[in-house]
Amino acid sequence: MLRTVFYVCPVCSNVIPAAGQAAISCCGISLPQLEPEEMNGEHMVRIEAVEDEQFVTLDHPMSKTHFISFIAWVSGDRVELVKLYPEVNAQCRLHMRGHGYLYLYCNRHGLMRKRL
């Protein structure tokens, strides 16, 4: 599962994770595979333990034109994806077990990841 790739439709914001490269199309458009960059200062996350989950938060604008579209946790055996929407706080709870990658997708800056 660590080879999971993401595709996002620019028309409808559909998010499609795949366990490997694929030919994906949505809304009549062939979607390119997103290439992740390392998280930077503007897109840093805070993670704190809450019960048996991890509470992930970001200080990021969530306006209709600039927002975080999804947060995903990818480990060796699972993918957990939480879809976020404009005008709602950029936060979620994830079952993060073991080591893996935390991904987030900003509709302006693209896909970012952090190894944890």
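**Notebook: strand pairing and cores**

I began with E37 and found that its bridge partner in strand 12 is M112. The model I am reading is predicted. The pairing behind this entry is between strand 5 (residues 37-38) and strand 12 (residues 110-115), and it is parallel, with two bridges.

Next I followed strand 12 to strand 11. These two run antiparallel and are joined by six bridges. I noted Y101 with R115 as its bridge partner in strand 12. Strand 11 and strand 12 make a hairpin, and three residues lie between them.

I then looked up strand 6 (residues 45-50), which runs antiparallel to strand 7 with six bridges between them. V50 sits opposite E53 in strand 7. Two residues separate the strands in this hairpin, and E51 has a positive phi near 55 degrees there.

Which residues touch the most other members of the largest nonpolar core? I listed V56, I68, I71, L94, L102 and L104, out of 18 residues in that core. Two or more residues each come from strand 7 (53-58), strand 8 (68-75), strand 10 (91-94) and strand 11 (100-106).

Last, I checked V56. Setting aside neighbours within four places in sequence, I found V56 in contact with V45, R46 and I47, with I71, with A90, Q91, C92, L94 and M96, and with L102.

How values were computed
Residues are numbered from 1 along each chain as its sequence is written. This is a predicted model: local features need pLDDT of at least 70, side-chain atom pairs count only at pLDDT 80 or more; totals for chains, interfaces and linings use all residues. Side-chain values use heavy atoms; hydrogens and water are left out. A nonpolar core is a set of buried Ala, Val, Leu, Ile, Met, Phe, Trp, Tyr and Cys residues joined through side-chain atoms within 4.5 Å. Buried means under 20% relative accessible area, exposed over 50%, partly exposed in between (1.4 Å probe, protein chains only). Helices (H or I, at least four residues) and strands (E, at least two) are DSSP runs, numbered from the N terminus. Contact means heavy atoms within 4.5 Å. Two strands pair if DSSP finds at least two bridges between them.
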